[in-house]
Every structure is written in structure tokens, then in C-alpha cells.
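Dear colleague,

Please find below the structure that I am handing over to you.

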Amino acid sequence: MLSIPSKLPQVGTTVFTTMSALASQYHAINLGQGFPDFPMNGKLVELVTDAMRHNYNQYAPMPGWMPLREVLCEKFESLYGATIHPDSEITITPGGTYALYTALTTILEPGDEVIVLEPAYDSYVPNIIVNGGVPVLVSLNDDFSIPWDRVGAAVSDRTKAIMINSPNNPTGSILSADDIEALRQLIRRQPMFIVSDEVYEHLVFDGKAHHSLLRYPDLMENAFVCFSFGKVYHCTGWKLGYCVAPKALTAAFRKIHQYNCFSCHTPSQVALAGFLKDKDQYLSLGAFFQEKRDFFFKGMEATRFVLKPSFGSYFACATYNRITDLPDAQFAGVLVKDHGVATIPVSAFYQDPSGHHLLRFCFGKKQETLEKAIEKLTRL
Ligand code: PMP
Ligand code: GLN
């Protein structure tokens, strides 16, 4: 057998695979991997079934089903005041991860540097490395705000892009208007691409605004903005998302996409095109998940975990120094095996996993699941 020289010698199996396997092995409650344990909307189930029955079962157009692109562009206009052309500036992709990966493949040449803020969603760094790029890591401040001075210091003449993620996984933080201004200053000093991961776009709480890059035409000039239907419409298994970018960038993105995937699952696209005509389906999501966040935070007050605020996404991070001083990966192992609750150690979102003491909880679950988990955590 031939040996394979790994392009990613430093990585193993993802933390989500590992923790979900442990959760099922130990019959633990899974507040680890980010997926809802409640059913997706029945209307969407009917729409996808109808689409299949009506024979929407052959290849969709390479950039995506046009009515879906159109309804998304109407949403961009009404939510973000952005005029995006459905024919030339949006591409439907098999998930948000693929959209991010393809954006990086589109722009990176060997040796290009990409600024990544840590903790970072676990696919970013491997995606950069596989594409020949060099991740340049900058740690967030303790309160998860962005240290723009250190980001500025990380820029070099090889910087090709910066990756941003709001609402943020794993921290639950969101970009503010000041962050947008700081990003603008950074890019004025040295032009670079922005790869913006906005898969949790509608999961923003407390009446705050989602500062989508789509709102800012100057920043959009060099941006790829990536979204996921799975994350917001409770159908992570559909693996469907999209990438918005200006015409020239979209053309370059599609060059890669057409030979990697060509087109995405047709019935799901037809279904979502119908579903999204009803604006309430996305306008109600913030309140829906905020209720879960509030329920979880209230319940966790009875435990010895201390949650950091979560303003968006369906994640919250907690410290636990009143319980143990074990590193987070070890403590997550103890929690799932001995206490029946699966979480994600935040060290999995750092290239240097040592010295971290934070666990990520997913509160995008049924109330009874959260209740059961809290009851177990209260015993610690
Ligand atoms: N980015 C972030 C921050 C995520 O949490 C996820 C969730 N998996 C993704 C991208 C990918 O989304 P998808 O499942 O659509 O690939
Ligand atoms: N985005 C999800 C999370 O952060 C997991 C997706 C995956 O398993 N790759 O939990």
C-alpha cells in the first residue's frame, strides 16, 4: 500500500466527532456538538417532500436554484439594505464550511498569510493550511472582544485575508459598530480579503443588530460572506449554505465550485425558496433562541459553573474553577463519562491546546434536555 503524505499532519479527528461519539457511548446529554435536538419546521418538511414529488430531483443550476437566490437577495435588501444580484453575486453551496473553504481556495496562493482570531471555529486553520496559506493567530481578549491593536500588529506584506465570525462560535460574542470601524481602518491601511462567517446571522439577542458585512459596501468590495441554512433552520443535516461576494469574486469562486461540487441538492433548494417567502421564519429566530439562552443561563445559576455572556449563536462558554483545576479537555472527558453531560472544550478552538479552562455549551436544545443537563451539572 502506498503511504500518504498528510497535508494536515498536525490534526486528528474533530472534537465534534469525538465528543458526540462519547456522548452516545456514555448515554450522556449532548450539549457539545451544535445541532438542535428538536424537529425542524414541519412546513419545510412538507415543502421538500412536495419538491421531490413534483420531480425536482435533477441537477440544479451550478450557482443554485434561482428562486432561492432571489428570495435571499430580497432578504439582504430588507434586513441589511444591500443590493445583491442573484445572478452574479450569490452561490448556493453544500454548507457553510464548504463556502468558507471554497472562498479560501479561491484567494490563497502558497505562503499567503491569513489572520485568524482565536478561539476560532475548528475548520479555519486546516482550511488555510490545505490551501497553502499560513494562519497568523491572534487571541481574543479575555472578554472575547477583538484586540484590534494586536490584529494590526499581525499584518505583514504577505497578509492576504482576515477571517471574522459573528455571531461567534464558540464565544457567543458579536461584532459591534466599533469593530466594523476598526476593520475598516485595518483594511484602509492594507487592503486584504475578508472571509466573513455569518452562519448564525439570525441568532442575535437582546435587540442587538447583526453587523453583517453586507451592510457595508466598502468592506464588501473584497469580501466573501458565508452562511448556512442548516444552522438557522434547524436542519444541520441538509448541509446547505451560500456565499455572497461581488461579481468578480463570485466568478472566481464559481470556477472552483463548479469542479468540486457543481450544484447542490435540488429539492432542499426548492423547499427553502418557498419557505423563506414567509419572513417570520427568520425574523422569529432571535427570540426563539434567546428564550433558550435565558432558560439555560437561569438554570446554570444553581451550578458552580460561571457562564460568560452570550449575545448570539447558540453557544455559551463557562469557567469552572470552583469545581476543578483540570484542563478543559480532561474535564470535558470526566463530565461526559462520569456525569453524563457532553460539552466542547474550548481548547479545541486553539492551535495551542494547553492551559485552557473553558467549556462550550450548546443551548440550542429542547427545554427538557437543558433541564436534565442542568440537573446533572448542579450535582458537581
Ligand atoms: N461556521 C461556524 C462558525 C459553524 O459553527 C458552523 C457549524 N457547523 C459552520 C461554519 C458550518 O456550517 P455547515 O454545517 O453549514 O457547514
Ligand atoms: N458547528 C457545529 C459546532 O460548532 C458542529 C459542526 C461539526 O460537527 N463539524 O458544534
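Arg293 and Asp206 form a salt bridge, their closest N and O atoms being 2.7 Å apart; the term denotes a side-chain nitrogen of Lys or Arg within 4 Å of a carboxyl oxygen of Asp or Glu. The rule finds one salt bridge across the interface of domain 1 and domain 2.

This is a predicted model, in which local features need pLDDT of at least 70 and side-chain atom pairs count only at pLDDT 80 or more, while totals for chains, interfaces and linings use all residues. Residues are numbered from 1 along each chain as its sequence is written, chains are lettered from A and ligands numbered from 1 in the order in which they are written, and side-chain values use heavy atoms, with hydrogens and water left out.

Domain 1 comprises 15-40 + 281-379 and domain 2 comprises 58-278, according to an automatic or database domain assignment. Their C-alpha centres lie 25 Å apart. In contact (heavy atoms within 4.5 Å) are 32 residues of domain 1 and 37 residues of domain 2.

The two domains bury about 3,100 Å² between them, and carbon and sulfur atoms give 64% of this area. Buried area is the accessible area (1.4 Å probe) that two parts lose on being put together, summed over both. Of the area that domain 1 buries against domain 2, Gln281, Tyr282 and Phe311 supply 24%, more than any other three residues.
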